[in-house]
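Subject: Structure for your review

Dear colleague,

Please find below the structure that I am handing over to you.

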Amino acid sequence: GAYPVILIIYTINTLVTPWKTRGRLWKGISQVITSPMTPPTFFNIYLGDVFTSMVKVFQDICWSICFVLSGDFGFADRNGGSLRNWQVTFWYKNLLIPLVCLLPLWFRFCQCLRRYMDSGTRFPHLANAFKYALSQTVTLFGAFHPLYLLTFPSESINKNNWFQGFWLLLFVSSSLYSFFWDVYMDWGKYSLSRVATK
């Protein structure tokens, strides 16, 4: 049971020391978190983009923290220890995990709005903010989608076809919008023209 705790302590130590080099990273992270009040620099925007790609990692970090704090790490199957099943509780499944999924999108959304406020140009900042707002909506609908609740009887699910259809429409729209944005704006001619004009 001590092995996961040792790994977590080692990881925390690696993220903090040496502070001379890690301090700049944590300053950037604090500026991403306070992005509406902090003007986003290139490094902060890069960090925000990295955060949106690390949602699964953040979920694993939350799971590890809860695993250690609950004391489940001390139970071994061979000893007949009973786990506390915190991973199926409401606060974990319906509050913590959706929040972890939403926060990186929220940070990037705020950065886009701040870029718009600082520059006064609607495009591409507001269009980019819309992409993250749409992704947040999909995440919220996905977190509370009736198909994920196994206690619903089949007739109740059939009555909610409009909800499922709307969620599916949001999911497809967000995916296509993000795909178009990445291909055309981030990797395509628009990004090359911006680099050429700088």
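The helices α1 and α2 pack with their axes 7 Å apart, at an angle of about 85 degrees. Because angles from 65 to 115 degrees count as roughly perpendicular, α1 is described as roughly perpendicular to α2. On the α1 side, the residues that meet α2 are Thr14, Leu15 and Val16, and their partners in α2 are Trp19, Arg22 and Trp26. By class, the residues of this contact are 4 nonpolar, 1 polar and 1 charged. Please bear in mind that the model is predicted.

The loop between α1 and α2 holds Pro18. The peptide bond that joins Thr17 to Pro18 is cis, with an omega of about -5 degrees. A further cis peptide bond runs from Phe123 to Pro124, where omega is near 15 degrees. Pro124 is located in the loop between α5 and α6, the latter covering residues 125-143.

I would also draw your attention to the second largest pocket, which contains about 770 Å³ of space. Its lining is made up of 25 residues, and those closest to its centre are Leu15, Trp26, Met54, Phe58 and Ile61. Leu15 and Trp26 also take part in the contact of α1 with α2 described above. Which helices supply at least two residues each of the lining? They are α1 (2-16), α2 (19-33), α3 (42-53), α4 (55-69) and α5 (90-119). The most is given by α4, with 7 residues. Sorted by class, the lining has 22 nonpolar residues, 2 polar residues and 1 charged residue.

Finally, a word on confidence. The average pLDDT of the protein is 82, and 81% of the residues score at least 70. In residues 148-152, however, pLDDT stays under 50, and the model has 4 contacts for this stretch beyond four places in sequence. Where pLDDT is low, the predicted coordinates should not be read in detail.

Yours sincerely,
A colleague

Methods
Residues are numbered from 1 along each chain as its sequence is written. This is a predicted model: local features need pLDDT of at least 70, side-chain atom pairs count only at pLDDT 80 or more; totals for chains, interfaces and linings use all residues. Side-chain values use heavy atoms; hydrogens and water are left out. pLDDT is the predictor's confidence in each residue, from 0 to 100. Contact means heavy atoms within 4.5 Å. On a 1 Å grid over the protein atoms alone, a cavity is a set of points where a 1.4 Å probe fits but cannot get out, and a pocket is an open set with protein on both sides within 12 Å along at least five of seven lines; lining residues have an atom within 4 Å of a point. Grid points are joined across faces, edges and corners, and a volume is the space filled by probe spheres set on the points. Helices (H or I, at least four residues) and strands (E, at least two) are DSSP runs, numbered from the N terminus. Ala, Val, Leu, Ile, Met, Phe, Trp, Tyr, Cys and Pro count as nonpolar, Asp, Glu, Lys and Arg as charged, and the others, Gly among them, as polar. Axes are lines fitted to C-alpha atoms, for helices over the stretch in contact, and angles run from 0 to 180 degrees between N-to-C directions. Angles under 35 degrees count as roughly parallel, over 145 as roughly antiparallel, 65 to 115 as roughly perpendicular and the rest as oblique.
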